Number of protein chains: 2
Amino acid sequence: MKSLLLVAHGSRREASNEEVRQLAAQLGAHAGERYQSVNCAFLELAEPSIPDGIEACIQAGAEEVIVLPYFLSAGRHVSEDIPREVAGKQQEYPGVPIRLAPYLGSAEGITELLLVVAE
Amino acid sequence: MKSLLLVAHGSRREASNEEVRQLAAQLGAHAGERYQSVNCAFLELAEPSIPDGIEACIQAGAEEVIVLPYFLSAGRHVSEDIPREVAGKQQEYPGVPIRLAPYLGSAEGITELLLVVAE
């Protein structure tokens, strides 16, 4: 019973937030048995917040939550803000592991994906 | 003789720009025979600019330049600013096709990549 939470920055432009929501829905459709649920949350400017997103996973029965930063570079948001939000929620629910996955930009496969996009 | 130009937003944080430069270098290493060169350019806050990046490709002998936006959502930068910079340079060099690839966030393979990152 693992839940995946895709965390994006959030934008004033609602269409960008909607893109993230649609991506989370696609992830859910492709995830098969791997996750009980796939949802998204936003660091700022859009809802739900990261704590609210994690809370929803736990309330829905998640026994583990994987938080995946949908970010391209390891700036302050990735290195400080998101870990702090996760740590706060982990303290609140010590019995439910909340694991922070690497951010997208650090994925090894991104090189191959970019070469395919460029074709 | 195609050249690939990875275009990122650019950051005040030099380490983020450096991440992009390293990614371009990795792309070059993985591209094999597909591209004569792989470089990066920045929309703002870092060098080289997009026009300067395209110019360098052409001066190095590129017969085609592929501009790949390293962006996750289709905001104004992707839909207006980058196409405008590309169009300006295309006008300057009508004999060298400058092709704008889809932005990273729109890549079909991103779903599978995210599921791997989350593992």
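This is a predicted model: local features need pLDDT of at least 70, side-chain atom pairs count only at pLDDT 80 or more; totals for chains, interfaces and linings use all residues.
**Ground rules.** Residues count from 1 along each chain as its sequence is written, and chains are lettered from A in the order written. Local features need pLDDT of at least 70, side-chain atom pairs count only at pLDDT 80 or more, totals for chains, interfaces and linings use all residues, and side-chain values use heavy atoms without hydrogens and water.

**Entry: the two chains.** I then checked the contact residues (contact: heavy atoms within 4.5 Å). Of those in chain A, 100% recur in chain B, so the same surface serves both copies.

**Entry: helix α2 of chain B.** This helix covers residues 50–59 (helices are DSSP runs of H or I, at least four residues; strands are E, at least two). I listed its buried residues (under 20% relative accessible area, 1.4 Å probe, protein chains only). They are B:Ile50, B:Gly53, B:Ile54, B:Glu55, B:Cys57 and B:Ile58. They pack against β1, β2, β3, α3 and β4 of chain B. At the N-terminal end, B:Ser49 is the cap: its side-chain oxygen lies 3.2 Å from the backbone nitrogen of B:Asp52. After the helix comes B:Gly61, with a positive phi near 105 degrees.

**Entry: B:Asp81.** I found B:Asp81 in helix α3 of chain B. Is B:Asp81 buried or exposed? B:Asp81 is buried, at 9% relative accessible area. Beyond its neighbours within four places in sequence, B:Asp81 is in contact with B:Leu43 and B:Arg76.

Definitions and conventions
Buried means under 20% relative accessible area, exposed over 50%, partly exposed in between (1.4 Å probe, protein chains only). A polar contact is a pair of N or O atoms within 3.5 Å; within protein, one must be able to donate a hydrogen and the other to accept it, and residues adjacent in sequence count only if both atoms are side-chain atoms.
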